[in-house]
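Hello,

Here is the structure we spoke about. Please have a look, then read my notes below.

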There are 10 protein chains.
Amino acid sequence: MLFLVRMDVRLPPSMPKEEADALKATEKAYSQGLQRQGKWPQLYRVVGEYANYSIFDVADNDELHTLLSSLPLFPYMQIHVTPLARHPSSIH
Amino acid sequence: MLFLVRMDVRLPPSMPKEEADALKATEKAYSQGLQRQGKWPQLYRVVGEYANYSIFDVADNDELHTLLSSLPLFPYMQIHVTPLARHPSSIH
Amino acid sequence: MLFLVRMDVRLPPSMPKEEADALKATEKAYSQGLQRQGKWPQLYRVVGEYANYSIFDVADNDELHTLLSSLPLFPYMQIHVTPLARHPSSIH
Amino acid sequence: MLFLVRMDVRLPPSMPKEEADALKATEKAYSQGLQRQGKWPQLYRVVGEYANYSIFDVADNDELHTLLSSLPLFPYMQIHVTPLARHPSSIH
Amino acid sequence: MLFLVRMDVRLPPSMPKEEADALKATEKAYSQGLQRQGKWPQLYRVVGEYANYSIFDVADNDELHTLLSSLPLFPYMQIHVTPLARHPSSIH
Amino acid sequence: MLFLVRMDVRLPPSMPKEEADALKATEKAYSQGLQRQGKWPQLYRVVGEYANYSIFDVADNDELHTLLSSLPLFPYMQIHVTPLARHPSSIH
Amino acid sequence: MLFLVRMDVRLPPSMPKEEADALKATEKAYSQGLQRQGKWPQLYRVVGEYANYSIFDVADNDELHTLLSSLPLFPYMQIHVTPLARHPSSIH
Amino acid sequence: MLFLVRMDVRLPPSMPKEEADALKATEKAYSQGLQRQGKWPQLYRVVGEYANYSIFDVADNDELHTLLSSLPLFPYMQIHVTPLARHPSSIH
Amino acid sequence: MLFLVRMDVRLPPSMPKEEADALKATEKAYSQGLQRQGKWPQLYRVVGEYANYSIFDVADNDELHTLLSSLPLFPYMQIHVTPLARHPSSIH
Amino acid sequence: MLFLVRMDVRLPPSMPKEEADALKATEKAYSQGLQRQGKWPQLYRVVGEYANYSIFDVADNDELHTLLSSLPLFPYMQIHVTPLARHPSSIH
């Protein structure tokens with residue numbers, strides 16, 4: 001089941017650079033783990049913004065919330081989820 | 001080059017059903033042609049809305065505008081385009 | 001799997017009263033059928049508005065879109081869907 | 001009398017983790033008390049957000065405000081309340 | 001139980017003047033009936049707009065929705081309801 | 001001359017509790033003084049929010065601004081003022 | 001007593017040109033009458049829009065609403081009123 | 001003096017195709033006349049929308065409003081104007 | 001050339017009172033200087049808000065930006081500028 | 001390929017003046033380098049705001065994101081990108 005997810009990151013300006021760097025490294029590893037499992041099949045940068053649009057492929061709403069709320073950057077992100085369905089004109 | 005595109009369709013209530021059906025059939029054929037050419041690799045329905053989220057893969061902005069403004073339903077759609085870039089955490 | 005759905009109805013002022021009444025009667029029968037099947041367990045009127053908030057319980061996104069887009073009033077509604085997950089403080 | 005309530009939590013990034021944890025534990029106990037009394041019959045997580053949608057069942061507006069403004073997290077929440085009425089198509 | 005209600009009226013430009021006048025006369029009579037019963041204790045014009053802010057005093061949400069959805073101008077109004085509670089600094 | 005006023009209070013999380021309590025006590029005394037003088041005839045809590053809707057009855061715009069900008073909580077409030085006029089259907 | 005007023009005009013596309021021209025001529029005469037009386041001391045066009053920003057100088061809210069709701073174009077305008085007070089830094 | 005101008009075109013669906021085509025041809029000629037005079041030095045299509053972003057170079061606000069309100073499509077456009085100034089980092 | 005300017009002031013709660021007072025005194029002197037030169041002919045307080053609506057009369061966009069960005073409170077203000085043109089119904 | 005980019009700068013009030021000045025100097029040098037290379041052909045100040053509208057001319061979306069995210073002020077800016085296409089009425 002597919003969902004479009006937009007994530008906007010807002011790190012507090014007072015966060016020390018090392019803390020931010022460590023957080024981003026953990027986030028990257030976490031994200032790539034989910035990508036390899038096929039749960040997070042697409043991840044794109046929004047041009048000009050510290051934000052991404054992603055496609056998630058999960059079993060249900062609970063799994064999606066568990067994955068998103070476990071993101072290391074979750075406390076610093078604004079996330080919006082849009083449920084997707086099959087489009088009748090899609091050839092896939 | 002990838003773009004996320006959201007299209008919301010608003011047909012005027014006064015449009016006769018046959019005209020609407022013909023328009024939708026032409027739209028479907030046009031869309032599937034672009035999908036087969038790889039220009040419109042993804043097309044999803046937004047759950048509960050007469051709207052879609054799509055990914056387009058085009059050479060440049062001009063090509064994208066030409067493709068979108070040639071949609072048979074273009075006069076009845078509100079379209080918003082978001083340019084996408086490679087994400088540094090993407091494994092692709 | 002639960003979703004919160006808000007539906008706002010906007011009938012065109014030019015629609016004849018008989019047509020509107022027939023549409024609403026079909027909508028009511030359709031809605032009550034889904035309620036009896038347990039797919040649409042809750043349906044509330046928003047006070048002062050021609051709108052409702054509903055809870056749907058469906059197998060997946062595709063089923064939800066099929067149910068919503070089959071609503072007799074669908075062409076005259078603005079619908080917004082919010083996916084819900086289990087809350088860790090819920091006693092249910 | 002039913003109300004739909006949406007609560008969005010925004011803890012200040014400077015709050016120490018122990019203080020946040022203690023606050024959340026108190027919030028959970030308070031919430032489960034109201035759920036057991038039947039005042040807060042439904043509580044759902046909004047997927048991907050530190051937010052919930054809830055149904056409250058109270059005697060009147062004053063009782064609802066007293067319950068909400070006594071939430072331990074109240075100073076850190078944005079709350080929006082929508083009064084609900086019986087829907088003529090509901091089978092309940 | 002008190003509610004603040006804002007009503008914005010939008011009559012379709014195509015409505016004949018006699019029909020609009022008749023509707024407004026019925027609306028006035030209906031409104032004054034509720035005012036005399038104490039259900040609609042306050043009614044003010046928003047300066048410069050075809051809109052009003054009102055206070056309603058009703059037994060519950062269902063009664064408020066019944067009163068509002070029975071307004072002769074209801075099909076042509078956008079209505080927003082805000083539930084009010086006693087303020088701890090009020091001297092009343 | 002009547003005005004509808006909405007006030008939303010946002011105290012900075014860093015304000016010490018004693019300072020906030022003192023400020024609220026001064027605010028209450030100030031508000032009750034104006035209520036007794038008939039300048040602030042109505043004051044209601046918005047259910048679920050640290051906000052109020054009020055009716056002010058003043059001689060002119062300057063008096064209203066003087067009263068509002070002298071509120072002890074003024075530096076921490078977002079205020080919106082709507083001028084009200086007599087409604088032709090009001091029985092008062 | 002001064003108010004800033006913004007008026008946006010939206011004539012229905014179906015209105016015959018002669019009717020629109022007659023309405024605009026009446027509007028102009030009405031506006032210039034109020035300007036000569038000193039009630040509408042300033043009237044500016046918003047660049048690029050069929051809209052104006054105006055300053056009104058009236059005795060009270062009721063007079064302002066009477067003047068605005070008597071505008072020949074009132075049924076086709078969206079109007080927003082902002083009450084103004086003396087500014088402590090103004091040299092006037 | 002430079003201004004950024006965004007124009008969104010909304011033709012009524014009921015306008016006959018010949019009328020729309022004639023209007024667009026007149027618009028194009030008018031626009032190209034201004035471009036040749038140097039008043040409208042830049043004109044870009046917003047990708048995916050029936051809209052443009054333009055730079056105008058005019059003597060003052062009055063000239064800009066005269067040029068914009070004389071656009072053949074003016075009655076069918078929503079226009080927003082942003083005044084621009086020299087940027088201290090610009091090399092021009 | 002006239003412009004309508006709205007300025008909203010947001011001083012950080014952590015700014016010491018003496019610093020804020022000194023800043024406001026400098027702002028007042030600066031503003032009154034421009035008023036005396038005729039560049040800032042009108043300055044009004046928005047009732048209930050720490051904000052003003054002003055009319056500026058300047059030679060061009062660059063002069064307006066220079067005047068506004070030199071305001072002592074500029075770093076703490078949100079400013080919105082609307083270019084004004086002569087209105088055909090104005091008697092001035 | 002052209003893009004319209006709006007950048008709004010928000011420096012934290014707590015940033016020391018020397019740090020802000022150094023950042024702005026680096027930003028200016030970086031911007032002028034891109035202008036000289038023809039990647040950032042236009043840069044305008046939005047009148048009254050700490051913001052700019054710019055035109056970028058780049059090979060593709062990835063290049064644009066690389067340029068923007070390398071701006072020294074990037075962590076303190078809100079950026080919005082609009083892709084532009086050739087306009088059929090443009091004489092260029």
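A term first: Ala, Val, Leu, Ile, Met, Phe, Trp, Tyr, Cys and Pro count as nonpolar, Asp, Glu, Lys and Arg as charged, and the others, Gly among them, as polar. Also note that this is a predicted model.

Cavities next. A search of the whole structure gives four cavities of 30 Å³ or more. The largest cavity has a volume of about 60 Å³. Its lining holds nine nonpolar residues, two polar and no charged. Chains G and I supply the lining, with Leu4(G), Tyr44(G), Leu4(I), Tyr44(I) and Leu84(I) among the residues. Two elements give two or more residues each: β3 (51–57) of chain G and β3 (51–57) of chain I.

Now the core. The largest nonpolar core has 25 residues. Met7(C), Phe56(C), Leu68(C) and Ile79(C) touch the most other members. In chain C, β1 (2–9), α1 (17–36), α2 (61–69) and β4 (77–86) each give two or more residues to this core. β1(C) gives the most, with four. Beyond its neighbours within four places in sequence, Met7(C) is in contact with residues including Trp40(C), Tyr50(C), Leu71(C) and Met77(C). Phe56(C), Leu68(C) and Ile79(C) are also among the contacts of Met7(C).

Which chains do not touch? Chain B and chain F are one such pair. Their nearest C-alpha atoms are 30 Å apart. No contact joins chain B and chain D either, and their closest C-alpha atoms lie 15 Å apart.

Last, the record. An unreviewed UniProt entry annotates residues 1–89 of chain A as "domain: Muconolactone isomerase". That span is 33% helix and 34% strand. Its end C-alpha atoms lie 18 Å apart.

Best wishes

Key: Residues numbered from 1 in each chain as written. Chains lettered and ligands numbered in written order. Predicted model: local features only at pLDDT ≥ 70, side-chain atom pairs only at ≥ 80, totals over all residues. Heavy atoms only, no water. Contact = heavy atoms within 4.5 Å. 1 Å grid on protein atoms, 1.4 Å probe; cavity = no way out; pocket = protein on both sides within 12 Å on 5 of 7 lines; lining within 4 Å. Points joined across faces, edges and corners; volume = space filled by probe spheres on them. UniProt positions renumbered as here; feature names shortened; annotations may be inferred. Core = buried A, V, L, I, M, F, W, Y, C linked by side-chain atoms within 4.5 Å. Buried < 20%, exposed > 50% of the residue type's maximum accessible area, 1.4 Å probe, protein only.
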